[in-house]
Amino acid sequence: MKSLGIGLIGTGFMGKCHALAYRSARAVFGDVPEARLEVLCDVPGDKASAFADQFGFARATDDWMDLVADPKVDIVCITTPNKVHKEMALAALEAGKHVHLEKPMALTMEDARILLAAADKTGARTIVGYNYLHNPAIGHARKLIEDGAIGRIVHFRGMVDEDYQADPELAWTWRATKADAGLGTLGDLGCHLISLATALVGPVESLMAETRTVHETRPMGEGSDERRPVENEDIASALLTFENGVHGVISTSRSAWGRKSYIAFEVHGTEGMITFDQERMNELRLYQNRGPVSEQGFKTLLTGPAHPPYGQFVPAAGHQLGFNDLKIIEAHTFLKAIAEGREAVPSFKEALHFEAVIHAIAEAGETGRRVTLK
Ligand code: NAD
């Protein structure tokens, strides 16, 4: 397989990130087919043309169905708002394309299950944009846990916070509606934390939760007296029981002043602890109850070539990867899986569990009952 054609729908925050990732994946790793940037779609059409030129795509369109039908497109990247993920992903799968879908997969679990069933039927490869999983620091945390560096895992604590909805006077947008956005902070942020918790501890079995909408209405534009309700949650907190019996506590807020990309966790073991914070994404902190008590303490592990695939980017430790590099690793993961004829991780199958957990948290928050995942 010499090359794979990319079709990208959406050119916002994630669209640019995907474009950069597919441009760079072969240059960084060298062991995957070249990604040909074939078609870019956005609305209106002049926006699509301008970004196709900037990102280096051969053609532009304002009709995503044309992109999906294009015979030169092998992989469809969907980086549009959550509401349209389902119809775009279904059409791409039906056209026999591999699908790189941004998270969350869909607005509801029912729709996410429909997407998984469609992918299973076509045999196309899928990957969902849980980019934080690809951080070399997270890979190393996983290795430390598997190697028994902190003993038996007993507890997981995690937080994921940003402040993009902290200002009470911020204008109302589609993000505040269940019909257009689905869940609130759980769908935007909480699902990322669940992807990490699952990778490090395992699948979640059951949970209890509380959710809150902090700013119950928002003005229709700056300074407007007209206000509309916010239908989804700004904050969610949950007590988790993992399938292996480990206990967990997590919380997420999109109204936490000062937090920019705070995805932080602690994994507590019987012989030590690992901590991480995405705002310092090149560091892992490790405590081990070994050696003289007088010298025990947390140490900071700075990522470097000893933490693959960091060395593909820079040959020297401590020189720092960034957020966009995680998407390059994700694109590489997908290209390699397609070239080798196997599933990528996380495919729709793994992502379905992450999303089942956030929907279960929302349900537990609404009903006040413990929810067991099926
Ligand atoms: P955005 O608003 O910045 O960009 C969305 C783009 O889609 C815009 O360019 C818009 O014009 C385009 N678009 C909308 N409808 C379209 C249509 N019918 N046809 C063609 N183009 C259309 O949004 P974003 O922040 O990039 O979010 C997009 C997705 O990425 C969301 O699902 C979001 O949850 C996800 N996301 C993931 C991460 C991550 O870390 N993985 C971070 C941010 C957003």
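Q: Let's start with helix 4: which strands does it lie across?
A: Helix 4 (residues 85–94) lies across strand 1, strand 4, strand 5 (98–101) and strand 6, and runs at about 160 degrees to strand 5. Helices here are DSSP runs of H or I with at least four residues, strands are runs of E with at least two, and both are numbered from the N terminus. Angles run from 0 to 180 degrees between N-to-C directions, with axes fitted to C-alpha atoms, for helices over the stretch in contact.

Q: Before we go on, what sort of model is this?
A: It's a predicted model, where local features need pLDDT of at least 70 and side-chain atom pairs count only at pLDDT 80 or more, while totals for chains, interfaces and linings use all residues. Residues are numbered from 1 along each chain as its sequence is written, and side-chain values use heavy atoms, leaving out hydrogens and water.

Q: OK, what's the strand order in the six-strand sheet?
A: The order is 3-2-1-4-5-6, in an open sheet with parallel pairing. Two strands pair if DSSP finds at least two bridges between them. Strand 3 (59–61) and strand 6 (126–128) are the edge strands, each pairing on one side only. From one strand to the next, the twist averages 20 degrees.

Q: How many bridges join strand 1 to strand 4?
A: Four, with strand 1 (residues 3–9) and strand 4 (residues 75–78) running parallel. Isoleucine 6 has isoleucine 75 in strand 4 as its bridge partner.

Q: Back to helix 4. At what angle does it pack with helix 5?
A: About 10 degrees, and the axes of helix 4 and helix 5 (residues 109–122) are 10 Å apart. The two are therefore roughly parallel; angles under 35 degrees count as roughly parallel, over 145 as roughly antiparallel, 65 to 115 as roughly perpendicular and the rest as oblique.

Q: Which residues make that contact between helix 4 and helix 5?
A: Helix 4 brings Lys86, Ala89, Leu90 and Leu93, and helix 5 brings Asp111, Ile114, Leu115, Ala118, Ala119 and Thr122. Contact means heavy atoms within 4.5 Å.

Q: Switching topic: what's the order in the nine-strand sheet?
A: That open sheet goes 16-15-14-13-7-12-11-8-17, with mixed pairing. Its edge strands are strand 16 (299–302) and strand 17 (371–372).

Q: In which sense do strand 11 and strand 12 pair?
A: Antiparallel, over seven bridges between strand 11 (residues 235–242) and strand 12 (residues 247–253). Leucine 240 stands opposite glycine 248 there.

Q: Which helices pack on that sheet?
A: Helix 6 (residues 136–146) is one of them, touching strand 7 (153–161), strand 13 (262–269), strand 14 (272–277), strand 15 and strand 16. Helix 11 packs on the sheet too, touching strand 8 (204–212), strand 11, strand 12 and strand 17. Helix 11 (residues 348–367) also lies across strand 5 and strand 6.

Q: And how do helix 8 and helix 11 cross?
A: At roughly 125 degrees, with the axes of helix 8 (residues 185–200) and helix 11 coming within 9 Å. That angle is why helix 8 counts as oblique to helix 11.

Q: Last one: what does the side chain of glutamine 288 reach?
A: The backbone oxygen of alanine 149, at 3.1 Å. A polar contact like this is a pair of N or O atoms within 3.5 Å; within protein, one must be able to donate a hydrogen and the other to accept it, and residues adjacent in sequence count only if both atoms are side-chain atoms. Glutamine 288 is found in strand 15 (residues 283–288).
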